[in-house]
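Here is a brief report on a predicted model. It covers the ligand surroundings and some of the helices.

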Amino acid sequence: MPDRPSRQSSLAHAQHPVPVTARAGGPLSGRVRVPGDKSMSHRALIFGLLAIGETKVSGLLEGEDVMRTADAARALGAIVHHDGPGAWRVRGVGIGGLREPAGVLDFGNAGTGSRLMMGVCGAHPITTTFDGDASLRKRPMRRILDPLELMGTTIVSAQEGGRVPLTLRGPREPVPIIYRTPVASAQIKSAVLLAGLAAPGETTVIETEATRDHTETMLRHFGAQVDVTKEGAHGRRIVLKGQPELQAAPVAVPADPSSAAFPLVAALIVPGSEILIESVMTNPLRSGFLTTLREMGADITVENEGNEGGEAVATLRVRASGLQGVDVPPERAPSMIDEYPVLAVAAAFAAGTTRMRGLQELRVKESDRLAAVEAGLKAAGVTCTIEGDDLVVHGTGGEVAGGGTAATHLDHRIAMSFLVMGLATRKPVQIDDGAMIATSFPGFIALMNELGGDIA
Ligand SMILES: O=C(O)C1=C[C@@H](OP(=O)(O)O)[C@@H](O)[C@H](O)C1
Ligand SMILES: C=C(OP(=O)(O)O)C(=O)O
């Protein structure tokens, strides 16, 4: 078995964009399982690196982003084996045992992998250089460098605004801090907690809006002590006891709810569809999308509730539904942050207006997702406006013209959202480049076509 699945370089797409077209056909039907959760997959490899012993991972997402984290874990001294589909083993080095990498850590398109690893490396007395593709080079990293500097990390060099390529040098022993995250971001929270592993005493993160808690769950699973209490109306205070000895522990990664969102919306908007999406993670900090769709009148039923890898999972039965526009409150954003582009597609087919509030963070994802969604919807004949930090979609309540080409700006979620849209529009919808889909959802096109879609 090869050590890793084959993949293209992160620059390949820039030279060879792959246009893809989606066309409407008959109803969608069938039963599918989407790949493993991206957030948990990155973390499983990172905790495997930091633990003593061999961590066995099943259900790992073998997308480009996660493969970059696997490469980085190897460069930092872990032995990473690929045993078969989704099955990986990581022999870790333990906290404090990181090796200085021989070369640059290239994270490709991955915000999560790069930011979490900055937390890990920035707390160790090694010098590490981080880089990525044209999209990652535009994303803000000051939000990670600021708390790391408080903990004693030296920013040896960085691009304007603290962007990659950047080089960090960690202190001999980081200083534990109490840090209030300036924006609701699980990546900032996680970077600080991962750095706090190497610090003596307690590292505290306070967030005013609760964000996904996979780092906290995995810290406990690998043997660290973490106390979580409520903070204000929607927030949390997370206290980590530093310098634990992390012990290898098995991780079973459940199916990614952010990937499930694509077949889910497709089934809602293609008339006559009925599909089952198996064993999707239903962690409440990831379920804002289901809440919103139900408010819109989506027919989604939950079957076979269970548990995978310590997370609640359920099979979702989705039937085509007449949707209504809704107002999505800003405090819901962290629990569905990556699902807004495809929610905007659902909203285009809904009757009335959908206003999605408080989406400033979407401007700094793989692309400016507010601008990309607005442009793609307009190209397909849908009225959409950006009002301050709100995205407003005027749904047709029926037919959507389609016919345009959506510019994807190296953004996998923009690519998949507009392909989903094209399965239900009068004219086909084209995207300019499907290459980035492999960052989070390899096999997306095949899976959609297995359900009866026409994407090529
Ligand atoms: O921690 C994580 O795994 C993630 C956190 C979110 O980013 P922010 O922390 O920037 O909101 C999300 O958009 C990303 O896809 C995954
Ligand atoms: C924002 C995303 O990922 P990342 O920040 O890891 O690049 C995403 O997957 O939608």
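## Ligand 1

In this predicted model, the residues surrounding ligand 1 are Ser 39, Thr 112, Ser 185, Ala 186, Gln 187, Ser 190, Arg 212, Ile 337, Asp 338 and Glu 361. Five are polar, three charged and two nonpolar. Helix 6 (residues 186–196) gives the largest share of this shell, with three residues.

Domain 1 (12–36 + 254–455) and domain 2 (38–250) both contribute to the shell, so ligand 1 lies between them.

## Ligand 2

The shell around ligand 2 consists of Lys 38, Ala 110, Gly 111, Thr 112, Asp 338, Lys 365, Glu 366, Arg 413 and Ser 440. Its classes are five charged, three polar and one nonpolar.

## Helix 12

Helix 12 spans residues 412–422, and eleven of its eleven residues are buried, so the rest of the structure largely encloses this helix. Among the buried residues are Arg 413, Phe 418 and Met 421. Arg 413 also belongs to the shell of ligand 2.

## Helices 3 and 4

Helix 3 (residues 64–75) packs against helix 4 (residues 111–121) at an angle of about 30°, and their axes are 8 Å apart. The two helices are therefore roughly parallel to each other.

From helix 3, Asp 65, Arg 68, Thr 69 and Ala 72 meet Thr 112, Gly 113 and Met 117 of helix 4. The contact residues divide into three polar, two nonpolar and two charged.

Terms used:
Residues are numbered from 1 along each chain as its sequence is written. Chains are lettered from A and ligands numbered from 1 in the order in which they are written. This is a predicted model: local features need pLDDT of at least 70, side-chain atom pairs count only at pLDDT 80 or more; totals for chains, interfaces and linings use all residues. A residue is near a molecule or strand if its C-beta atom, placed from the backbone, lies within 6 Å of it. Ala, Val, Leu, Ile, Met, Phe, Trp, Tyr, Cys and Pro count as nonpolar, Asp, Glu, Lys and Arg as charged, and the others, Gly among them, as polar. A residue is buried if 20 or more other C-beta atoms lie within 10 Å of its own, exposed if 12 or fewer, and partly exposed in between; C-beta atoms are placed from the backbone. Helices (H or I, at least four residues) and strands (E, at least two) are DSSP runs, numbered from the N terminus. Domain bounds come from an automatic or database domain assignment. Axes are lines fitted to C-alpha atoms, for helices over the stretch in contact, and angles run from 0 to 180 degrees between N-to-C directions. Angles under 35 degrees count as roughly parallel, over 145 as roughly antiparallel, 65 to 115 as roughly perpendicular and the rest as oblique. Two residues are in contact if their C-beta atoms, placed from the backbone, lie within 7 Å.
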